[in-house]
Amino acid sequence: MIAARDPAPEPPQKMSDPADLLAAYLDFYRDALLRKLEGLSERQLRTSVLPSGWTPLELLKHLAHVERRWLCWGFAGEQVVDPWGDDGSDGRWHVADDETVEDVTAFFMTQCRRSREIVAGARLTDVAAAGGRFTPPAVRPALSRILFHLLQEYARHVGQLDVVRELIDGAVGE
């Protein structure tokens, strides 16, 4: 089970610096994801209620790998082990039976911390390092583009999780 969390407020209205806004909204959505998962049993986290078949725990692992692919491997150009480790042999999201909820949650938290470090050490106009995910002749996107991509990914998936959570136990809300 994922521990209870106090809801994080949306970034303040007076915040206007684009770098601060992007970082704050990413944290807002990271927190919303964990809040949507809190209180679910291991069985509920590992069971799909959707025709597509993904589970809440698979979504958490997927978003950890999204952070890793786009910021560690992509922007920073770090060599990472198995950047597509959220995919099973059938190409769908996968969490192995021997991966615990705690393991997946810790991996997500570690990836988010590393992402914050990378973003804090760069400017929005900096482009992704050559190598890693973006090997020439691939276009190397700017950090601003990567962060906007991450925001839309989180917004979409947290919205999907809103529906999943309502189907599981009727919970709704921020």
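**Terms and values**

Reply: A polar contact of 2.7 Å links the side chains of histidine 62 and aspartate 86. This is a predicted model, in which local features need pLDDT of at least 70 and side-chain atom pairs count only at pLDDT 80 or more, while totals for chains, interfaces and linings use all residues. Residues are numbered from 1 along each chain as its sequence is written, and side-chain values use heavy atoms, with hydrogens and water left out.

Me: Why is the pair of histidine 62 and aspartate 86 called a polar contact?

Reply: The term stands for a pair of N or O atoms within 3.5 Å, where, within protein, one must be able to donate a hydrogen and the other to accept it, and residues adjacent in sequence count only if both atoms are side-chain atoms. The side chains of histidine 62 and aspartate 86 are joined at 2.7 Å, and therefore the pair is given that name.

Me: What makes histidine 62 count as buried, and which residues is it in contact with?

Reply: Buried means under 20% relative accessible area, exposed means over 50%, and partly exposed lies in between (1.4 Å probe, protein chains only). Histidine 62 has 7% relative accessibility, so it counts as buried. Contact means heavy atoms within 4.5 Å, and, leaving aside neighbours within four places in sequence, histidine 62 is in contact with Arg69, Asp86, Trp93, Glu153 and His157. Histidine 62 belongs to helix α3, which covers residues 56-75.

Me: How many helices and strands are there in the chain, and what makes a run count as one or the other?

Reply: Helices (H or I, at least four residues) and strands (E, at least two) are DSSP runs, numbered from the N terminus. By that rule the chain has five helices and zero strands, and its pattern along the sequence reads α-α-α-α-α. The radius of gyration of the chain is 16 Å, close to the 16 Å that the globule rule gives for 174 residues, so the chain is as compact as a globular protein of that length. That radius is taken over C-alpha atoms, and the globule rule is 2.2 Å times the number of residues to the power 0.38. Along the principal axes, the C-alpha atoms fill a box of roughly 45 × 45 × 25 Å.

Me: Which share of the 174 residues is buried, and which share of contacts joins residues at least 24 apart?

Reply: Buried residues account for 43% of the 174 residues in the chain. Among contacts between residues at least 6 apart in sequence, 71% join residues at least 24 apart.

Me: Are leucine 33 and serine 115 buried or exposed?

Reply: Leucine 33 stands at 0% relative accessibility, so it counts as buried, and serine 115, at 0% relative accessibility, counts as buried too. Leucine 33 is placed in helix α1, residues 18-37, and touches Leu59, Leu60, Leu63, Phe108, Tyr154, Val158 and Leu161, not counting residues up to four places away in sequence. The C-alpha atoms of leucine 33 and valine 158 are separated by 5.8 Å, although the two residues are 125 residues apart along the chain. Serine 115, in helix α4, touches Arg30, Glu67 and Leu71, again not counting residues up to four places away in sequence.

Me: Why is alanine 129 called partly exposed, and where is it found?

Reply: The relative accessible area of alanine 129 is 25%, and therefore the residue is called partly exposed. Alanine 129 is found in the loop between α4 and α5, and its contacts, not counting residues up to four places away in sequence, include Gly74, Phe75 and Arg140. The C-alpha atoms of alanine 129 and glycine 74, which are 55 residues apart along the chain, are separated by 7.3 Å.

Me: What makes aspartate 82 partly exposed, and what is its phi?

Reply: Aspartate 82 has a relative accessible area of 47%, so it is partly exposed. Its phi is near 50 degrees, a positive value in a residue other than glycine, and aspartate 82 has its place in the loop between α3 and α4.

Me: Which omega goes with the peptide bond from proline 136 to proline 137?

Reply: Omega is near 10 degrees, and the peptide bond from proline 136 to proline 137 is cis. Proline 137 is in the loop between α4 (101-120) and α5.
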